[in-house]
Amino acid sequence: MASSIAEVTMDRNDPQAMLDSARAMLPQVIATRDEANRQADVLPETIAAMKAAGLLRAFQPKRWGGLELDPRHVFALQNVFAEHCMSTAWVFGVLSVQSFMLGRMDPLAQADVWGDDPDALASSSFAPVGKVTPTDGGYRISGRFTFSSGSSHAKWAVVGGMVPPDEARPAPQMRLFLVPMSDCRIDRVWDTFGLRATGSNDLVIDDAFVPAYRTYVPDSGLLPLPAASGLSPLYRLPWLYVFASSISSLSIGAVRGALASFTASTRERQGAFGSGASRDNPRFLSMIGRARVELDSIERQFHDNYARLSEIVARDETLPMDEALLYRAQLTGFMRRLAPLVDEMMLLLGGRGIQRDGPLTQLWLDMSAARAHAGNDPSAVHSQIAGELLNA
């Protein structure tokens with residue numbers, strides 16, 4: 001274990017070196033993309049290459065050989081993959097971000113996961129649908145937990161459940177439970193038109209015992225934790241913002257890839273019925289320009305919001321709730337702001353655009369699937385912001 005930790009710490013703690021490692025993987029990602037879609041799962045050799053490059057150590061605590069990178073660097077890595085395969089990027093993001101959540105949990109739980117295998121991964125399904133029964137030393141949990149992306153590559157799962165009320169606590173309590181994958185059965189129900197290779201299958205757990213130290217009561221996730229929590233600055237960032245970034249910020253890389261592809265097509269494309277070269281068509285030129293501007297705007301907003309959150313953590317200050325809700329709404333809206341640009345590109349490409357092997361077809365299907373995720377729907381947060389303003 002020591003040699004593995006030393007290699008990652010010495011060679012992979014430079015964000016630029018990690019970006020170079022991610023880019024070096026792209027030929028493999030592109031070559032296996034179709035097979036991953038056929039299998040409805042990112043291939044094991046892709047995950048193995050990420051591990052070998054240390055990329056999946058990005059959010060892991062340093063005490064276990066991790067890097068504790070700034071989230072902006074982690075999601076820049078994700079966007080390298082997103083330019084060419086959204087499923088690969090999605091799985092990289094969600095498997096990485098579990099280490100952020102584990103970094104908030106009891107060190108004993110972290111030791112269970114990484115003590116013997118510092119490369120061990122966890123998947124998740126946070127919806128509190130599990131049936132939970134308190135027992136001596138912990139809890140027993142059962143249930144079907146849906147949409148656990150990347151679960152076939154994980155040794156552990158973090159699932160949600162409601163602990164029944166008791167004499168000390170009159171209301172049910174949301175809690176997360178860290179369960180070894182040996183206590184789970186993966187039900188391969190994932191069959192979609194987009195994000196096919198994310199392997200977002202169901203986990204079925206039948207009366208598994210979870211010791212109390214392997215559980216975690218999450219806060220609302222909107223506000224940074226204070227220094228008094230004893231956590232390092234990375235893990236004091238709002239967990240919901242960091243977690244949601246793993247399924248939202250990859251829209252930047254995806255549209256970056258779409259813009260590159262659409263621009264290349266525009267250079268060569270001749271319009272139908274003698275309408276001339278696409279590169280001289282104002283609609284195509286406007287599309288390219290608008291996409292470039294919107295990408296820059298969203299990427300700057302993403303970086304600025306993280307800079308502000310990091311500043312709040314460093315100063316151990318309180319983030320106003322209205323500001324927290326604003327950042328949350330902006331983040332959850334990225335996918336739905338960018339996906340319509342790809343819709344327009346598809347329309348402009350005409351008959352070529354609707355081919356199964358069209359230049360944007362798979363990416364368009366993936367973005368259409370990604371924007372359907374509840375974590376990419378800002379409407380609920382918009383209502384909260386409206387409530388704050390109306391009650392001011």
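## Asp207, a partly exposed strand residue

Asp207 is partly exposed, because its relative accessible area is 39%. (Buried means under 20% relative accessible area, exposed over 50%, partly exposed in between, with a 1.4 Å probe and protein chains only.) Asp207 sits in strand β6, residues 201-211. (Helices, H or I with at least four residues, and strands, E with at least two, are DSSP runs numbered from the N terminus.) Its phi is positive, about 55 degrees, although Asp207 is not a glycine. Most residues other than glycine have a negative phi.

The model is predicted: local features need pLDDT of at least 70, side-chain atom pairs count only at pLDDT 80 or more, and totals for chains, interfaces and linings use all residues. Residues are numbered from 1 along each chain as its sequence is written, and side-chain values use heavy atoms, with hydrogens and water left out.

Helix α3 covers residues 26-39, which makes 14 residues. From first C-alpha to last, α3 reaches 19 Å, close to the 20 Å expected at 1.5 Å a residue. (The expected span is 1.5 Å times one less than the number of residues.) α3 also has a kink of about 50 degrees, centred on Arg33. (The bend at a residue is the angle between axes fitted to the seven residues ending there and the seven starting there.)

Which residues of α3 are buried? They are Leu26, Val29, Thr32, Ala36 and Asn37. An α-helix has 3.6 residues a turn, so residues three or four places apart point the same way. Several elements cover the buried residues of α3. Among them are α2 (15-24), α4 (44-52), α5 (71-82), α6 (86-102) and α13 (361-370).

Asn37 belongs to helix α3. Asn37 counts as buried because its relative accessibility is 12%. Not counting residues up to four places away in sequence, Asn37 touches Ser87, Arg196, Ala197 and Gln362. (Contact means heavy atoms within 4.5 Å.)

Just after α3 comes Ala40, with a positive phi of about 55 degrees. Ala40 lies in the loop between α3 and α4. Is Ala40 buried or exposed? Ala40 is buried, because its relative accessible area is 10%.

In α13, the buried residues are Thr361, Leu363, Asp366, Met367, Ser368 and Ala370. They pack against α6, α10 and α12 (321-349).

The second largest pocket holds about 670 Å³ of space. Of the 26 residues that line this pocket, Arg33, Arg356, Thr361, Gln362 and Leu363 are the closest to its centre. Arg33 is also the residue on which the kink in α3 is centred. Elements giving two or more residues to the lining are α3, α10 (250-268) and α13. The largest share, five residues, comes from α13. By class, the lining has 11 nonpolar, seven polar and eight charged residues. (Ala, Val, Leu, Ile, Met, Phe, Trp, Tyr, Cys and Pro count as nonpolar, Asp, Glu, Lys and Arg as charged, and the others, Gly among them, as polar.)

## The largest pocket

How much space lies in the largest pocket? About 790 Å³. (On a 1 Å grid over the protein atoms alone, a pocket is an open set of points where a 1.4 Å probe fits, with protein on both sides within 12 Å along at least five of seven lines; lining residues have an atom within 4 Å of a point. A volume is the space filled by probe spheres set on the points, which are joined across faces, edges and corners.)

The largest pocket is lined by 29 residues. Phe147, Ile247, His373, Ala374 and Gly375 lie nearest its centre. α6, β1 (122-135), β2 (138-148) and α9 (239-248) each supply at least two lining residues. The lining has 16 nonpolar, 12 polar and one charged residues.

Phe243 is found in helix α9. Phe243 is buried, because its relative accessible area is 16%. Beyond four places in sequence, Phe243 touches Val97, Gln98, Met101, Ser124 and Phe126. Phe243 and Gly93 are 150 residues apart in sequence, yet 8.8 Å apart in space, C-alpha to C-alpha.

Ser99 is in helix α6. Ser99 counts as buried because its relative accessibility is 5%. Leaving aside neighbours within four places in sequence, Ser99 is in contact with Leu56, Phe59, Gln60, Pro61, Trp114 and Tyr235. Ser99 and His84 are 15 residues apart in sequence and 24 Å apart in space, C-alpha to C-alpha.
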